[in-house]
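Hi,

Here is the structure I promised to pass on to you. Have a look at it first, and then read my notes below.

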Amino acid sequence: MTITETEPKFIPVQTRSERFKSSDVTDFPAVTGREVEWRYTPAAPINDLVDNGLNGAHYEYTLTDVDGVSARWIAMHDDLVARAGLPEDRASAAAWSGTQEALLLTLDGELDREVVLTRDGLGAEARAAHTVVRAMPNTVATLILRNSGQAKLAENIEFIVEDGARLTVVTVQEWDDDALHIATHFAQVQRDATLKHISVTLGGRLVRLNPSIHLAGAGAGTELFGAYFSDSGQHIEHQVYVFHDAPHQRSRVTYKGALQGKSAHTVWIGDVLIGQNAVGTDSYEQNRNLVLTEGAQADSVPNLEIEIGDIVGAGHASATGRFDDEQLFYLQSRGITEDEARRLVVRGFLVEIVQQIRSPELEEHLQAAIEAELATTADGGAR
Amino acid sequence: MSTLAIRDLHVTVETDQGTKEILRGVDLTIKTGEIHAIMGPNGSGKSTLAYTIAGHPKYTVTQGTIELDGEDVLSLTVDERARRGLFLAMQYPVEIPGVTNTNFLRTAKTAIDGESPSIRSWTKDVKTAMSNLKMDSSFASRNVNEGFSGGEKKRNEILQLELLKPKFAVLDETDSGLDIDALKIVSEGVNRAHDNTNLGVLLITHYTRILRYIKPDFVHVFVAGRVAEEGGPELAEQLEEEGYVRFVSEGEADTDAVLTDDETASVG
Ligand SMILES: Nc1ncnc2c1ncn2[C@@H]1O[C@H](COP(=O)(O)OP(=O)(O)OP(=O)(O)O)[C@@H](O)[C@H]1O
Ligand SMILES: [Mg+2]
């Protein structure tokens, strides 16, 4: 196996903290593909999504009925909008400018069941959406976002995690093969609150999901996990940003991806900024990719900016390994069939992330979905 | 009783310079319970023979046969061969990212037996086999061979041998890279498999030291892609004294010299 380990290296304080922010799409120049935030994303398919004129009407959704959960539409100028962040790229701004009202989900109390928000009827029209999820103080809740069907969507989701709340968010992308989805997940995590964010992306022509986490309160923490499976012609991108902005915070970022088939492409950019207020920060981010076949490409770029000396730890790692013929031979020489060998390797590789969901039903569903991904590509002869 | 019969085996490999014939008519028959040692200079084709038996796709058989109890082994896939009872302990075991040893062993056992082993006895078997091989229990939860030292990888091969219980095992330089204690531990593992399951062994080695622990019934001298001479254990002693000089003809005189036994102990 070829492994490239990037040793933690300290990138001098630069762009991230000073990056331009605006909710107005016209404040951003047209996307050329040369910008840091666009250099890995194919430009042509997303043209419509980085521009004005998206359909910003209310989107259709279904929400499980759980005590302590309420939903309503609010104006984009509501105080709760823009609390967790503002767009740093044109797609996010286009979504913002294009949305008429935001869906506000309020989670309050220790919820005894997981809340599931399903979107499966978005259709093929280019559209914008804005969602605000607010976990009230000391709330303990799990929110699962299930995305499937057709989509051509640019959206922003804000998570406001109030003092002492513990929010788990699982976002699952199982879109149709031709779907386009560009999302920014802004989070503001207050004093002693934690956000666990798990993203699983399996389906879609292009999915770009950028979690941008502002650890605002002292003692706040976040764990970000990602699992993705990209096959032929699929582009899956994550630009993860964690901003440590108060003392004694902890962050962990772990993203793992499997790639199979010609022109499968994944991008992971992990930015961690440890700001001047973040005494005692403990931070680690890593990305691992498993390339199953020739012709697939995994780009992986960790960045660390540190503005303060007094921290507990900060590190990052990035590794891309191949599942090669020698591995296949080895497993087969122990009696394991070729298909089983691939399944074994991919399931083993991604299980660490899927397990974090802690919802047996969803975990089982996703394991099956991952295996189905392997089978589809095998039948398609893309190996 | 089973028989693994290799007859007139010719094997080529594709190289940058074109097709190269490496095995040039190998004849070898092993019966269950027998231990055969193969010794021969670097590059003489020992690993090629081992891989060809296991079915590595890199090697092309151009002539000859391999049969297991009369069945044509060459027409079987790699995994089918393993399920028929052939095992290869590799000279360079492969790392498998993302798959724990535990998961791997259970999957392999299930594949070979055609049914999953009973959880309780299997867990116990794995534990016992690991402790016999003086492998720390942490190796169970680590990814297959990933970050293992050379010697640890070799132990892991023998662990699989003991748990999968094949009919025939080809051990390709399992002794290379083992320290003195590990050599003994690994040899005991092979002997246990031999005694418990009447394993037939094809032991490829450069050193007579391992033959003090694993007693061969037959010794074959392998030179330039074929068996040049056969004999009993005394042949190994003789090679130790004389080297391969008298077997190596003009054409093969450029093959690398073989390390002496003393040099093995220091290898990691
Ligand atoms: N893929 C390949 N390309 C080119 N040459 C090859 C290839 N595979 C094997 N060979 C050559 O075939 C010959 C036999 O190799 P093999 O590994 O079988 O030798 P060996 O007897 O096991 O040697 P050692 O004692 O060093 O392990 C060598 O000269 C080797 O370079
Ligand atoms: Mg060899």
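Ligand 1 has 17 residues around it, and B:N42, B:K46, B:S47, B:T48 and B:H206 come nearest. Please keep in mind that this is a predicted model.

Some side chains of chain B reach oxygen atoms of the ligand with an N or O atom. For B:T48 the distance is 2.5 Å, for B:K46 it is 2.7 Å, and for B:Q91 it is 3.3 Å. On its own, ligand 1 exposes 630 Å², and the protein buries 71% of that.

Which elements supply the shell around ligand 1 with at least two residues each? They are β1 (3–15), β2 (18–31) and α1 of chain B, and α1(B) gives the most, with 3 residues. Sorted by class, this shell holds 9 polar, 4 nonpolar and 4 charged residues.

Now for the two chains. On the chain B side, 33 residues are in contact with 18 residues of chain A. Together the chains bury about 2,100 Å², with 69% of it on carbon and sulfur atoms.

The interface also has 10 residue pairs in polar contact, both residues being at pLDDT 80 or more. The side of chain B that touches chain A takes two or more residues from each of α1 (46–54), α2 (78–84), β6 (86–89), α3 (101–113) and α6 (150–164) of chain B. Here α3(B) gives the most, with 6 residues. By class, that side has 21 nonpolar, 7 polar and 5 charged residues.

How many salt bridges are there between chain B and chain A? The count is 1: the side chains of B:E157 and A:R334 meet at 2.8 Å, N to O.

Enjoy exploring!

Note on methods. Residues are numbered from 1 along each chain as its sequence is written. Chains are lettered from A and ligands numbered from 1 in the order in which they are written. This is a predicted model: local features need pLDDT of at least 70, side-chain atom pairs count only at pLDDT 80 or more; totals for chains, interfaces and linings use all residues. Side-chain values use heavy atoms; hydrogens and water are left out. Contact means heavy atoms within 4.5 Å. Buried area is the accessible area (1.4 Å probe) that two parts lose on being put together, summed over both. A salt bridge is a side-chain nitrogen of Lys or Arg within 4 Å of a carboxyl oxygen of Asp or Glu. A polar contact is a pair of N or O atoms within 3.5 Å; within protein, one must be able to donate a hydrogen and the other to accept it, and residues adjacent in sequence count only if both atoms are side-chain atoms. Helices (H or I, at least four residues) and strands (E, at least two) are DSSP runs, numbered from the N terminus. Ala, Val, Leu, Ile, Met, Phe, Trp, Tyr, Cys and Pro count as nonpolar, Asp, Glu, Lys and Arg as charged, and the others, Gly among them, as polar. A residue is near a molecule or strand if one of its heavy atoms lies within 4 Å of it. Accessible areas come from the Shrake-Rupley method with a 1.4 Å probe; for residues, only the protein chains shown count as cover.
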